[in-house]
Amino acid sequence: MAHAEHVLATCHCGSVSIRLPKAPAEITHCNCSLCRRYGVLWTYYAIADVTITSEKPTDTYAWNGKNVDFHRCSGCGCVTHWYPRKASRESLGINARLLDPEILAAAQIRYKDDAGTGLFI
């Protein structure tokens, strides 16, 4: 049985690498006050399926200090991923803009209105 190749996402300077099990089929464009300022597109994976390596510790920010820690490279400043604070959560968000453009272009983008209704539009 053939196995699909892993996909690699990296920050601009290459200090943070994120190994994904496969290319995303779907990407979320969120318009909340934080995501629109970061300029990120999110793709989600099971924590157990992702390997994140960093040459140095990432900087983190927790919006309202509640649900997730947003990570960025301490070298180049790229937002790389968010990680849940609750141990019961099984997935994390990866900044899809760190993927090669052809991988990003092949995925469907869904728009989420987190600045208003919280629904996909």
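Select Glu26 and Arg110, which form a salt bridge with their closest N and O atoms 3.5 Å apart; the term denotes a side-chain nitrogen of Lys or Arg within 4 Å of a carboxyl oxygen of Asp or Glu. The pair links distant parts of the chain, 84 residues apart: Glu26 belongs to strand E3 (residues 26–30) and Arg110 to strand E10 (residues 108–112). Strands (E, at least two residues) and helices (H or I, at least four) are DSSP runs, numbered from the N terminus. Glu26 is partly exposed at 36% relative accessibility, and Arg110 is likewise partly exposed at 29%. Here, buried means under 20% relative accessible area, exposed means over 50%, and partly exposed lies in between (1.4 Å probe, protein chains only).

The model is predicted: local features need pLDDT of at least 70 and side-chain atom pairs count only at pLDDT 80 or more, whereas totals for chains, interfaces and linings use all residues. Residues are numbered from 1 along each chain as its sequence is written, and side-chain values use heavy atoms, with hydrogens and water left out.

How many salt bridges does a search of the whole structure find? The search finds four. For another of these, select Asp59 and Arg72, whose side chains meet with an N to O distance of 3.2 Å. Asp59 is partly exposed, with a relative accessible area of 30%, as is Arg72, at 37%.

Next, display Asp114 and Lys112, where a salt bridge joins the side chains at 3.9 Å, N to O. Asp114 is partly exposed at 36% relative accessibility, and Lys112 is partly exposed at 23%.

Zoom in on E1 and strand E2 (residues 16–20), which run antiparallel and are joined by four bridges. Which residues of E2 are the bridge partners of Ala9 and Thr10? Ala9 is partnered by Ile18, and Thr10 by Ser17. The two strands form a hairpin with five residues between them, and Gly14 in the turn has a positive phi of about 85°. Strand E1 has a covered face, with Val7 and Ala9, and an uncovered face, with Leu8 and Thr10. In a regular strand the side chains alternate between the two faces of the sheet.

Finally, select the cysteines Cys11, Cys73, Cys30 and Cys32. The structure holds zero disulfides, a disulfide being a pair of cysteine sulfur atoms within 2.5 Å. Cys11 is buried, with a relative accessible area of 3%. Cys30 is in no disulfide either; its nearest cysteine sulfur, that of Cys32, is 3.8 Å away. Cys30 is also buried, at 7% relative accessible area.

Conventions. Pairing = 2+ DSSP bridges.
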